[in-house]
Amino acid sequence: MDLTFDEEQEMCRRAFREFMEKECPVEVVSEMETDPRGFSREIWGKMARLGWLDLGMNDESGESGDAMTTTCILAEEMGRVLAPVPYVSTAVMGARAVAVGAEEPVRSRVLDSVGEGGCVIAAASTEGSRFDGLRTMRCEVRKSGGGYLLNGEKTFVEWAHVADYILLTARVNGGTTAMLVDRAEQGVTVRPLKTMGAERFARVSFEGVRVDPALTLGNGGRGGVSAAFEDAVVRGRVALAARMLGGCDAVLEAAAKYARERVQFSKPIGSFQAIAFRLADLATDLAGARLLVYKAAWTLDRGRPGASRLAAMAKAMTSDLYLKATDAGVHIYGGYGCMLEYDVHHYYRRAKAEAMALGDAERCRAEMFGAHAEERAVRWALPRQVEGAAL
Amino acid sequence: MDFELTDAQKRLQEEITSFCLDGHNQEIVSDLLAEGDPYDAHSWLLFRRMAEKGWISLNWPTEYGGLGYTPEEISIFHETMAYYRMPMTGLILTSLVGSVIAYFGSDELKAEFLPRAARGELLFCLLYTEPDAGSDLASLTTRAVEDGDHYIINGVKIFTSLGHEAHYGLLAARTDPDVKKTAGISLFMVPLDAEGVQVNPIYTMGSGQVNEEVFTDARVHKRFMVGEKNNGWFVLTMALGLERGSISGVAAQGWRYHDELLEEVRASGLDSSALTVQKLARMETELEVSGLLNSRLNSLISAGRIPLAEAAMTKLYSSEAILRMAGDGVDILGLPGLLELNSPEAPLGGFPEYLYQVATMVTVGAGSSEIMRRIIAKSALSLPV
């Protein structure tokens, strides 16, 4: 075991951090909240040119691959500055679903385009009020004449208003299948929803939308669930968890700095245990959550069993932690925490949506004993009963 | 990063597992359980068997019987033993005091104590805490006054695990009252059967026993001083760091409890409501994270770092987790979770009520949660606390 980052990973982190701090100061985050597109094409283009949008795709190399680990390092750094770019849905979920499920030449065409920053993918995982797994979809594909038509509605689809493709699953012949839908297709309607964190959510309805067979991403996974979409959700959860780690880290760092500087009762408030201990608990939980996230990423990179379960575990823990950290952050800043002039509100307002995306903490924990129960790692064997004694 | 045990580490784990599951050893464990305090009880027979494997001296320098284990391997040892409920208190204490002697003691002390301790013939305990010096250990008032070739000890020590079984205790006493409080402390190996030493039992929740030692003009020869005079605080700080190696056992006790609870929920048709599932999932997550924090600590130590904050985080997180899960386990089982250890109809053999009582010590012993938070706040967050 070695639970430290190697030199190359540390170098990557430094490069990511330097870039994000330079390109994405809080002014950009604020500006993007009212921008019609809501994301910075400039940052996106630069990330593409640096080769960062296809980091997650080079994981066919087996033992030595660390694509998901590197993706998490990047996502953490993006989370620290709240980088307004459609990274997780495009470069993690979308790219993964296409890599797993699409046939050539579409596979290479879409992946190349993602890598070049030329295409945005929105990942539609929710139909009702929350992520409810991949078995309860009502969206449906039916045969009609010579082709297939999609009908139904997805809710809270982030980046749908700017997406080239929408990644979704729908019922077909009793199972589900994953597909990309071209947003420009006839019958696709995108209605933006305004939310607390200025997330770019939309309600997307599909009325007799033509399904392009070349853009379907296979089915036939476990329990009739699309393997491509399930894989995308697992990786999406790990990346989101990493992004939340970054957010926690930024909030904790800022709150600790404020606690060292803010003087009340003639002392820095960080000298009071009521403040210091709350921050110490957060720092501890954050250190633990980070290890859990990277264990999930490592398990994916090495193709070891148990990844889905670890992803759910990591998403659950970081979701809880992000809410706790942002709450503490705002509180420790006192009245200033509520002021738009200070930065901490950006994290506070976004934490809820992050925590609920792809399954909130309760949902993820429930899955540990449902969908992913058989992945439970047995560490030790319970000893057999010894004659004449209760063990 | 690498989250897997090496093949050699897996073999070590198997070796320790087969020791634990050996029929004779299991019988000893069952007997201790029947007596009511399986974690803190002491079995000389088992202690000698562990000594035969070289485990009492496992973390000493190799010339004194150390096995050359890496920090991760020492954790594997403690985890596996704890999972199988081997009584480890005697080994942990003796091993720790032995390390202090090996690193700081005179050649004479090493020769006198280490070979016998490694063979399982001696049991050591720690005489640090006093009635009025707990978290603020440096304020201890037990005095050691030089008198010819001897020191004369007066004072009271308290909450001593295995004080009633041990041959010697590592005593922290004030040798210079006129300097700042951390500068005048020295350490001694004190025979507990010496004249002027009285050991009184203190009974604790969960059928446990700790002890109080009253020193009344007890004479200890100078050669029993460990390390230099008045340098005891430094040695103590190092020794507290060494105690860390056994933290991993705490989480492994939790894994055992979790696994048995899960079996019980599955097998007995017990309420497996959404709330129970949430609790079990949270338990598992916290145990996983405890293990990861501990492994990270091991990685950092192996890389030559002295990770003060990380050690405190590991202790804080895993002890708080086990206390929480002890209570959650009882909640999952309902009122039967309160049935006494070894009572016939108790689920999990009555272990839940026992753990619920003894887990309260885990967040106090070896530095309370508050002391851990203070270390973290200072060294990880640079807070002026």
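How many residue pairs are in polar contact between chain B and chain A, counting pairs with both residues at pLDDT 80 or more? The count is 13, where a polar contact is a pair of N or O atoms within 3.5 Å; within protein, one must be able to donate a hydrogen and the other to accept it, and residues adjacent in sequence count only if both atoms are side-chain atoms.

Before the views, a short note on reading them. This is a predicted model, in which local features need pLDDT of at least 70 and side-chain atom pairs count only at pLDDT 80 or more, while totals for chains, interfaces and linings use all residues. Residues are numbered from 1 along each chain as its sequence is written, chains are lettered from A and ligands numbered from 1 in the order in which they are written, and side-chain values use heavy atoms, with hydrogens and water left out.

**View 1. Chain B meets chain A.** Here 53 residues of chain B and 50 residues of chain A take part in the contact, meaning heavy atoms within 4.5 Å. The two chains bury about 5300 Å² between them, with 68% of it on carbon and sulfur atoms; buried area is the accessible area (1.4 Å probe) that two parts lose on being put together, summed over both. On the chain B side, Met1(B), Phe3(B) and Leu381(B) supply 16% of the area buried against chain A, more than any other three residues.

**View 2. Salt bridges between the chains.** Seven salt bridges are found across the interface of chain B and chain A, each a side-chain nitrogen of Lys or Arg within 4 Å of a carboxyl oxygen of Asp or Glu. Look for Arg282(B), whose side chain meets that of Asp320(A) in a salt bridge at 3.9 Å, N to O. Several helices of chain B give two or more residues to the side touching chain A, including H1 (7–21) and H9 (274–302). H9(B) gives the largest share of that side, 15 residues. Helices (H or I, at least four residues) and strands (E, at least two) are DSSP runs, numbered from the N terminus.

**View 3. A loop serine of chain A.** Ser271(A) sits in the loop between strand E9 (267–268) and helix H8 (273–301) of chain A. A polar atom of the Ser271(A) side chain lies 2.7 Å from the backbone oxygen of Pro268(A). Setting aside neighbours within four places in sequence, Ser271(A) is in contact with Pro384(B) and Val385(B).

**View 4. Domains 1 and 2 of chain B.** An automatic or database assignment places domain 1 of chain B at 7–118 and domain 2 at 124–230. Their centres, taken over C-alpha atoms, are 24 Å apart. Between these domains about 1700 Å² is buried, of which carbon and sulfur atoms give 71%. In domain 1, Leu93(B), Val97(B) and Phe113(B) lose the most area to domain 2, together 28% of what that side buries. One salt bridge is counted between the two domains. A salt bridge also joins Arg223(B) and Glu112(B), with their closest N and O atoms 2.5 Å apart.

View 5. Strands E6 (residues 197–204) and E7 (residues 208–221) of chain B pair in the antiparallel sense over eight bridges; two strands pair if DSSP finds at least two bridges between them. Thr204(B) has Gly208(B) in E7(B) as its bridge partner. This hairpin has three residues between the strands, and Gly206(B) takes a positive phi near 80 degrees.
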